Amino acid sequence: MSRDVTDVLLGFARTLRHAGVDASPERMQAMLAAVDGLGVADPAGVYWGGRLTLCADPDDIATYDAAFTAYFQGGPAPVPRSAGAPQRVVTLFGGDVADGGDSDATREVEHAAASDAEVLRRRDVTALSAVERAELRRLLALLAPSPSPRFSRRQRPAARGAVDPQRTVSRMLRHAGEPTRLARRARRRKPRRLVLLVDVSGSMAPYADALLRFAHAAVRRRPMTTEVFTIGTRMTRITRALRMRDPDAALAASGRVIPDWSGGTRLGEAVKAFLDRWGQRGTARGAVVVVFSDGWERGDSALLGEQMRRLARLAHRVVWVNPHQGKAGYAPLAGGMAAALPHLDDFVAGHSFGALEDLVGVIARA
Amino acid sequence: MSAITGRTPGNPAELAAALERTGYLADDGLAIAGYLALRLGRPLFLEGDAGVGKTAFAQALATVTGARFVRLQCYEGLDASQALYDWDFPRQILHLRTIEATAVAAGEQVNAEAVEASLYDRRFLVARPLLQALESSPCVLLVDEIDRADDEFEAFLLEVLSESAISIPELGRIAAETPPVAVLTSNRTREVHDALKRRCLYHWVEHPTFDREVAILRARLPEVSERLAADVAGATLRMRELDLLKPPGVAEALDWASALDALGAKTLDPDLAAVTLGAVLKYREDSERVRSLGIAELLGA
């Protein structure tokens, strides 16, 4: 392949990377080999050679098509996927309290006593002072939500249990075929999958920071068996962003991928999108599913009820966390909440640190 | 560095034509993906809705290239002794006892070293799919539903695929003469690790277009009348647009057409469609939805 062609192709790969597709150098090299194998003269060869090697996800394909048109046919440049929404960081708790010059904050620190921890546990997260918020963030990072394990199909050597013929026989083999002690095996235990659906619509905005931090703690605890999605007007998977170690960096990264921050609420459609694209294929099967939402539905609440029934049939246990549940005199009468209620295994509050701590217990018992 | 010598098609169009002769109708993207997998020797990673023909593609690819077809069905708890190899312990013990008995009868001393060497002979090794694929080349290896296996298995598979060889402590290294052409499929029940995807060609398999689906029905079920094939393809296509819980794939369309044919249908009339709906829709909600919309409507009447 000539030098010019290589440069053009590499330029295209860079455009694609800019548009948000993970076109690593290794993939670029594979693309050059693929296009070379198909022949550069053929436009279809260039298209498919690139698509088969650079894309790795169905979501990449639309971006790829747009970038391909823009680069080779001079169409409009693709919008970078990460810049689809203005870069927003969850700043529910206002400015940082780290700058020591704040006299109010210093005074509060001085007053902080052991009993404050108890107050903080019970108080609604939206009614906290700056110092208390910082303390809350620290406490949230210490939570370790994890469902109780389930039995796997896999077996492990154990002191008691069924006889393991294979290991018994191989033990016999070492003793010249004489029967020795019986080897036994038992079923291995595996962590159950935990799926968190976090409502990020306008009505839930005051709680979003605390809930996403809770989600981050869950992902940090079990990175491979925890999945987090946000629901609002759309459904977005943010597990990848939340796998970052630092909570603030993880929240900033998830803020960049969520396109519908503080927007309206179409819970039914968003839950349906989750079930269609992830849940039914396996993510929700046998999992503990936790929905964080106030159940404020602008769409059709009948659809939400139908989708929650579908979710309940797939999941091991469905938990609904509603911040208003913790308030005196609250009754789940909002259209969406009433529709979802019959399909829930647990209905808990999530308005304070104490409530979220209790939720860890609910998840662990599930 | 073609992975399969011998009957490798020279370009994607030739591969598509050869696949068609085996009864598999691939679209352009899939034909190019298959061609590149053969030519570059990279594993092909296929994703798509259930029933779009991912597994059938691997089988057709094996037929076309005249390679042996080895399938590894993944499931939770799959480990090396089920995917790679295992020692046949009962036979080893029998062998050991026979040697002992013969030696005692002849009044000889048993040579311990020779006995041990003979115990770990190739004939006592049970080859599981991955080892079978390495030992029989050329070969098309289908790793079906990789997303069902545990994620540790991916790393293990990656190692076997990139080396095209395995080491058995008691026997030594077994390497493939020509690396197997690997086809991996996933239904996306979980996300497969990037390290594995990076080494593969990635293709998302779409549902076929109307014309292609008619052609597939005709090719796979020659006994079905052309009119019935067109009716079934049209109705299936409309069902896919209905936003059902489980949109029917090609596999369901084939089942439906053969069910209708078994009932002696030459065209798809609403009554027959209603009683055979279970062949194409697998959820009660979906069947109810289609019935409430009117089956006649679905048939484009």
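The contact between the chains takes 31 residues from chain A and 29 residues from chain B. Two residues count as in contact if their C-beta atoms, placed from the backbone, lie within 7 Å. The model is predicted: local features need pLDDT of at least 70, side-chain atom pairs count only at pLDDT 80 or more, and totals for chains, interfaces and linings use all residues. Residues are numbered from 1 along each chain as its sequence is written, and chains are lettered from A in the order in which they are written.

On the side of chain A that touches chain B, α2(A) gives the largest share, seven residues. That side divides into 16 nonpolar, ten polar and five charged residues. Nonpolar means Ala, Val, Leu, Ile, Met, Phe, Trp, Tyr, Cys and Pro; charged means Asp, Glu, Lys and Arg; the others, Gly among them, are polar. Helices (H or I, at least four residues) and strands (E, at least two) are DSSP runs, numbered from the N terminus.

Now to strand β5 of chain A, residues 226–231. Six of its six residues are buried, so β5(A) is largely enclosed by the rest of the structure. Buried means that 20 or more other C-beta atoms, placed from the backbone, lie within 10 Å of the residue's own. T226(A), V228(A) and T230(A) point one way; E227(A), F229(A) and I231(A) point the other.

Two strands pair if DSSP finds at least two bridges between them.

| Partner of β5(A) | Bridges | Direction |
|---|---|---|
| β4(A), residues 194–199 | six bridges | parallel |
| β6(A), residues 235–237 | three bridges | antiparallel |

L196(A) stands opposite V228(A). T236(A) in β6(A) is the bridge partner of T230(A). Three residues lie between β5(A) and β6(A), which form a hairpin.

Technical notes. A residue is buried if 20 or more other C-beta atoms lie within 10 Å of its own, exposed if 12 or fewer, and partly exposed in between; C-beta atoms are placed from the backbone.
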